[in-house]
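Please examine the sequence and the structure shown below. The briefing that follows describes them topic by topic.

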2 protein chains.
Amino acid sequence: MSLRHAVLAALLSGEYSGYQLTKAFDVGVANFWYAQPQQLYLELSKLENDGLISGREVVQQTRPTKRLFSVTDAGLAELERFAAATSKPSFIRDDLLVKVQAVDHVEVAPVIEQLDQRAAAAAAKVEILDKLLRRFRGDLDEETFLRDGTPIGPYLTCLRGKRFEQEHHDWCVRAAALLRDRAARPLPAPR
Amino acid sequence: MSLRHAVLAALLSGEYSGYQLTKAFDVGVANFWYAQPQQLYLELSKLENDGLISGREVVQQTRPTKRLFSVTDAGLAELERFAAATSKPSFIRDDLLVKVQAVDHVEVAPVIEQLDQRAAAAAAKVEILDKLLRRFRGDLDEETFLRDGTPIGPYLTCLRGKRFEQEHHDWCVRAAALLRDRAARPLPAPR
DNA sequence: TATGATTACTCATCATTCTGAGTAGGGAGA
DNA sequence: TCTCCCTACTCAGAATGATGAGTAATCATA
């Protein structure tokens, strides 16, 4: 039950509509959770029913009416409780890694292609996150911001996300180059 | 539907019983997937029913009888198909990151404590994976192994896992130190 | 003046993962 | 000898997440 808390945590940065959240979940928030729009809308209504967030309608002339949500005191208390509870260990769960694991026994070409695609996507993500980080810290340099800037939470998760993407990128590039090289040269037949 | 393929990929390295797999899923295999023992046993029986793996009973004197599974030709074909299909984007999904995201609004102490615990766990994981990597490559140095060694798949995923844990560790240590420092000094009240 | 993209959401259902509770025998240490 | 831990598994059901198919109005582009 943690999309729940991811949404709560995301709403701490201000009021958001479901739609805006779906956008945020594509960039910043995706550093610690990811979800489909439908899941977000569903979670938002559950959270509202439970009184952890409250929504207010905003009528717009040119666009459909939207509902902006913000965290209630009960929501904050729930986050407090959640933050103090023990968390599950983190782990990677990645289709592509499964494919690489099997690469000695299956066609390499499609795997290499996917590694290339991933590398490109990760690089793009790094770019985006870097911009986000710069926007967070304004004209402060990183060291200063980390010491005194606020909010520090989103900055730290963003930092983690950027590093993750960078590592992912580097690994993809390296693995792709390597597999390409091995495929080009004759090798002793894999068992 | 990918625990399925993770299990298949794991079984490529040889015959395993369900129990042995649960152990492997705690170390090497956890680099690309993680699952509870119960899930593994269930998945194994499904895979066997679908003819993707076949099991043989091994009676032991001193321990309970076990079943060792290996990938069938159909299983290999399924992996082949899977490897060529497009994969979903990877992302972090981590409770602790959610907590850090909210850290400006909740008690820091328990979050810091969890960061410490995570850092320690990640360091231990790095150790384990490093040993695994050394065992994989035997007396070859890394460069040579990456060029010519086999199997290369497990080595690459292991490498990725190690990097992930290392990054995770570093981030936890840094974030904990930072939050500790900020908590010790008086700061402008968070919004 | 179509066409497609964008904002803003909803509903239903399926797939997957997680959790708790058991079973059963052997070995090791107090 | 009592208890706990390790091997080796099973079953059922709850919780969580993913997917497909809509609705409906506005706006920009061709």
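**Surroundings of the DNA strands**

DNA strand D is surrounded by 21 residues, and the closest are A:Met1, A:Thr62, B:Tyr19, B:Gln60 and B:Arg67; a residue is near a molecule or strand if one of its heavy atoms lies within 4 Å of it. Of the atoms of DNA strand D that come within 4 Å of the protein, 69% belong to sugar and phosphate. This is a predicted model, in which local features need pLDDT of at least 70 and side-chain atom pairs count only at pLDDT 80 or more, whereas totals for chains, interfaces and linings use all residues. Residues are numbered from 1 along each chain as its sequence is written, chains are lettered from A and ligands numbered from 1 in the order in which they are written, and side-chain values use heavy atoms, with hydrogens and water left out.

**DNA strand D**

- A phosphate oxygen of DNA strand D lies 2.8 Å from an N or O atom in the side chain of A:Gln39; a polar contact is a pair of N or O atoms within 3.5 Å, and within protein one must be able to donate a hydrogen and the other to accept it, while residues adjacent in sequence count only if both atoms are side-chain atoms.
- A polar backbone atom of B:Arg67 is 2.3 Å from a phosphate oxygen of DNA strand D.
- B:Arg93 places a polar side-chain atom 3.3 Å from a sugar or linking oxygen of DNA strand D.
- Two or more residues of the surface near DNA strand D come from each of these elements: α3 (37–49) of chain A, and α2 (18–24), α3 (37–49) and β3 (66–71) of chain B. Helices (H or I, at least four residues) and strands (E, at least two) are DSSP runs, numbered from the N terminus.
- The largest share of this surface near DNA strand D, 3 residues, is supplied by α2(B).
- By class, the surface near DNA strand D has 6 nonpolar, 9 polar and 6 charged residues; Ala, Val, Leu, Ile, Met, Phe, Trp, Tyr, Cys and Pro count as nonpolar, Asp, Glu, Lys and Arg as charged, and the others, Gly among them, as polar.

**DNA strand C**

- Around DNA strand C there are 21 residues, of which A:Tyr19, A:Gln60, A:Lys66, A:Arg67 and B:Met1 come nearest.
- A:Tyr19 has a polar side-chain atom 2.4 Å from a phosphate oxygen of DNA strand C.
- An N or O atom in the side chain of B:Gln39 is 2.8 Å from a phosphate oxygen of DNA strand C.
- The largest share of the surface near DNA strand C, 3 residues, comes from α2(A).

**Buried parts of chain A**

- In helix α1 (residues 3–11) of chain A, 9 of the 9 residues are buried, so this helix is largely enclosed by the rest of the structure. Buried means under 20% relative accessible area, exposed over 50%, and partly exposed in between (1.4 Å probe, protein chains only).
- A:Thr22 belongs to helix α2 (residues 18–24) of chain A and is buried, with a relative accessible area of 9%.
- The side chain of A:Thr22 reaches the backbone oxygen of A:Tyr19 at 2.5 Å.

**Packing of two helices**

- Helix α6 (residues 109–137) and helix α8 (residues 152–184), both of chain A, pack at an angle of about 155 degrees, with their axes 8 Å apart.
- The angle therefore makes α6(A) roughly antiparallel to α8(A). Angles under 35 degrees count as roughly parallel, over 145 as roughly antiparallel, 65 to 115 as roughly perpendicular and the rest as oblique; axes are lines fitted to C-alpha atoms, for helices over the stretch in contact, and angles run from 0 to 180 degrees between N-to-C directions.
- The contact of α6(A) with α8(A) has 20 nonpolar, 4 polar and 8 charged residues by class.
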